[in-house]
Amino acid sequence: MVRQGLPFDATGELYLSRLANFNLAGNFNSRINQNLREDKGYTYGASGYFASNREVGAIVFSAQVRADATLASLEEMIAELKNYSENGMTDEELAFMRLAVGQQDALTYETPSQKASLLSSILTYSLDKDYLKQRNDIVASVDKSTLNALAAKWFDPSNIN
């Protein structure tokens with residue numbers, strides 16, 4: 001399932017929306033993956049992500065499911081999107097997102113090629129040299145109501161094809 005998203009930004013609405021997506025479909029323990037993989041056994045993995053460049057963006061939710069579970073999987077994904085867009089994340093999910101995102105970033109720039117990719121992004125998008133610190137500050141301080149408002153805006157299944 002796909003819908004139009006946002007062009008790239010390192011610390012603005014796109015980044016915040018990615019944080020809002022973390023518990024819905026952005027990590028292995030996400031609601032959609034747990035539902036389709038653990039609860040229903042339809043797939044080995046399901047996810048959702050924001051793809052973007054300078055001009056355009058898309059929001060993609062996907063899973064490779066058993067053929068006989070295609071319709072049921074779509075219905076479950078739509079139900080998860082509806083619930084999350086209407087009710088948002090829990091306090092526990094917010095706390096998990098803060099911890100997990102911070103730990104992920106610690107491993108993201110270890111190798112020479114990862115460091116080169118970071119420098120390339122800074123140059124390509126004219127990012128502040130401390131944008132990673134800015135992101136860490138956002139993760140630590142963003143309130144649940146901000147993320148829930150973005151979930152309502154971007155994850156409403158009536159806007160997804």
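## A walk through a predicted helical protein

Leaving aside neighbours within four places in sequence, Glu80 is in contact with Leu24, Arg31, Ile32 and Asn35, where contact means heavy atoms within 4.5 Å. Before we follow Glu80 further, a word on the source. This is a predicted model, in which local features need pLDDT of at least 70 and side-chain atom pairs count only at pLDDT 80 or more, while totals for chains, interfaces and linings use all residues. Residues are numbered from 1 along each chain as its sequence is written, and side-chain values use heavy atoms, with hydrogens and water left out.

Now for the whole protein. Its secondary structure comes to seven helices and three strands; helices (H or I, at least four residues) and strands (E, at least two) are DSSP runs, numbered from the N terminus. Read from the N terminus on, the order of elements is β-α-α-β-β-α-α-α-α-α. The radius of gyration is 16 Å, close to the 15 Å that the globule rule gives for 161 residues, so the protein is as compact as a globular protein of that length. Here the radius is taken over C-alpha atoms, and the rule is 2.2 Å times the number of residues to the power 0.38. The C-alpha trace spans about 50 × 30 × 30 Å along its principal axes. Of the 161 residues, 39% are buried; buried means under 20% relative accessible area, exposed over 50%, and partly exposed in between (1.4 Å probe, protein chains only). Among contacts with a separation of 6 or more, 71% join residues 24 or more positions apart.

Back to Glu80. This residue sits in helix α3. Is Glu80 buried or exposed? At 15% relative accessibility, Glu80 counts as buried.

Helix α2 (residues 31-39) has Arg31, Ile32, Asn33, Asn35 and Leu36 buried. What covers these buried residues includes α1, β2, β3, α3 and α4. After α2 comes Gly41, whose phi is positive, near 70°.

How do α4 and α6 cross? The axes of α4 (residues 91-108) and α6 (residues 131-141) come within 9 Å and cross at roughly 165°. The axes are lines fitted to C-alpha atoms, for helices over the stretch in contact, with angles from 0 to 180 degrees between N-to-C directions. This pair is therefore roughly antiparallel as well. From α4, the residues Met97, Arg98, Val101 and Asp105 make the contact, and from α6, Asn136, Val139, Ala140 and Ser141. By class, this contact has four nonpolar, two polar and two charged residues; Ala, Val, Leu, Ile, Met, Phe, Trp, Tyr, Cys and Pro count as nonpolar, Asp, Glu, Lys and Arg as charged, and the others, Gly among them, as polar.

Tyr44 is part of strand β2 (residues 43-52), and its relative accessibility of 73% counts as exposed. Not counting residues up to four places away in sequence, Tyr44 touches Phe28, Asn33 and Arg37. Ser126 lies in the loop between α5 and α6 and is exposed, with a relative accessible area of 62%. Most residues other than glycine have a negative phi. Ser126, however, has a positive phi of about 50° although it is not a glycine.

The table below gathers C-alpha distances.

| Pair | Apart along the chain | C-alpha distance |
|---|---|---|
| Tyr44 and Gln34 | 10 residues | 9.9 Å |
| Ser126 and Ala10 | 116 residues | 10.0 Å |

Key. Parallel < 35°, antiparallel > 145°, perpendicular 65-115°, else oblique.
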